[in-house]
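Subject: Structure handover

Dear colleague,

Here is the structure for your files. Please have it open while you read the notes below it.

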Amino acid sequence: MCNSIFKATKFNLAKLVVINVLCTLLIFAATGCAAQPTPARSLLALSKTDHILAIIDPVTLKIIARVPVGSDPHEVIASTDGKVAYVSIYGGGSLHELSVVDLVAQKPLPAIDTRPLMGPHGLTFANDKVWFTAEGSKAVGRYDPAITKLDWVMGTGQDRTHMIYVTNNGKKVYTTNVSAGTVSILVDSLLKPVASPTGFAPPARQDWVQTVISVAVGSEGFDVSPDGRELWTAGAHDGAISIIDIAAKKVTGNIDAKVVGANRLKFTPDGKRVLITSLRTGDLFIYDVASHKELKRISTGHGAAGILVDDYGSRAFIGCTGDNYVAVVDLTALKVTGHIDIPGADGLAWAVRP
């Protein structure tokens with residue numbers, strides 16, 4: 001009888017071990033503990049519906065990790081070393097937060113409170129700092145991760161200062177001001193005051209000078225050409241493209257593109273083509289830069305928004321908010337070749353670790 005009890009006990013222990021192993025594996029998978037490491041080159045995509053940042057392998061197009069962010073994420077940018085992502089929490093100009101994500105550990109970090117700057121939206125990372133528009137405050141702000149503080153702000157005085165581009169040295173800032181129908185060019189200038197009659201000259205000082213340029217009403221998405229000579233932006237109301245000569249600081253061209261509902265605009269890396277998305281039609285418009293002619297119009301779904309182009313200009317990723325996916329577009333064949341499921345897809349960015 002003792003032998004029978006021993007056998008039964010041994011059998012039950014074996015079953016318990018198997019059950020424990022299975023439970024552990026299930027919990028491991030369910031909690032994401034078995035997540036793959038973040039690739040050295042990652043595609044970042046925001047879900048406005050689920051309030052998450054998806055980290056995606058751009059080769060397999062598989063989602064590696066989903067990291068929670070704030071309540072109304074709109075744009076995302078990664079640090080130069082590709083280790084940290086910053087997400088603007090917009091709230092139509094009412095919120096005041098940048099969510100921060102550790103891309104290597106795939107976890108959220110403490111958020112940045114941007115107050116008194118309200119409604120952060122457009123984002124970029126330049127000269128080791130995070131630059132952002134503050135739509136609710138009609139301003140542009142800058143955050144220094146090294147000292148964990150906002151270290152600079154400048155008002156534009158323009159309605160809905162929305163998207164942003166900053167030169168690598170941090171000396172020039174470009175923004176679109178949607179409701180004002182303008183572009184702001186902010187330049188960090190060294191001002192040398194004139195000597196007084198007594199011969200005294202105060203020391204030179206740094207100052208920022210703003211030039212405001214009128215463009216198509218509703219201009220939101222924009223980009224600067226890779227050679228730094230032109231800025232293109234498209235107006236959502238009539239779909240017209242305005243072309244600014246950056247050196248002259250004036251509009252030198254207009255294209256009656258009829259990209260009604262224009263949302264985002266990007267140059268390809270070679271500077272030969274411009275891509276424009278339409279929130280209204282869901283189309284991706286492709287324009288030839290030299291001729292100012294439309295090359296192709298590709299239906300990507302509904303509510304085409306964020307645009308990201310790879311370094312070689314062979315693929316574009318389009319955040320289709322209404323269709324809950326990121327569309328993958330082959331820029332050689334000029335057609336949609338795949339989708340990545342992202343509920344309420346919008347802002348996109350690259351994160352590249354050396």
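This is a predicted model: local features need pLDDT of at least 70, side-chain atom pairs count only at pLDDT 80 or more; totals for chains, interfaces and linings use all residues.

Salt bridges

Searching the whole structure gave 14 salt bridges.

The next pair is R160 and E135, whose side chains form a salt bridge at 3.2 Å, N to O. R160 is found in the loop between β11 (149-155) and β12 (161-166), and E135 in the loop between β9 (129-134) and β10 (139-144); the pair therefore ties together parts 25 residues apart in sequence. E135 is buried because its relative accessibility of 9% is under the 20% cut-off. R160, with a relative accessible area of 27%, is partly exposed.

D159 and K138 also meet through their side chains in a salt bridge, with 2.8 Å from N to O. D159 is in the loop between β11 and β12 and K138 in the loop between β9 and β10, so the two tie together parts that are 21 residues apart in sequence. D159 is partly exposed, at a relative accessible area of 35%. K138 is also partly exposed, at 35% relative accessibility.

The loop between β11 and β12 thus holds R160 and D159, and the loop between β9 and β10 holds their partners E135 and K138.

Beyond these pairs, there is a network of salt bridges that links K129, R142, D144 and D151.

N254

What is the place of N254, and which residues does N254 touch? N254 lies in strand β19 (residues 250-255). With a relative accessible area of 58%, N254 is exposed. Leaving aside residues up to four places away in sequence, N254 touches I241 and S242. For I241, the C-alpha atom is separated from that of N254 by 5.6 Å, and the two residues are 13 residues apart along the chain.

Regards

Methods
Residues are numbered from 1 along each chain as its sequence is written. Side-chain values use heavy atoms; hydrogens and water are left out. A salt bridge is a side-chain nitrogen of Lys or Arg within 4 Å of a carboxyl oxygen of Asp or Glu. Helices (H or I, at least four residues) and strands (E, at least two) are DSSP runs, numbered from the N terminus. Buried means under 20% relative accessible area, exposed over 50%, partly exposed in between (1.4 Å probe, protein chains only). Contact means heavy atoms within 4.5 Å.
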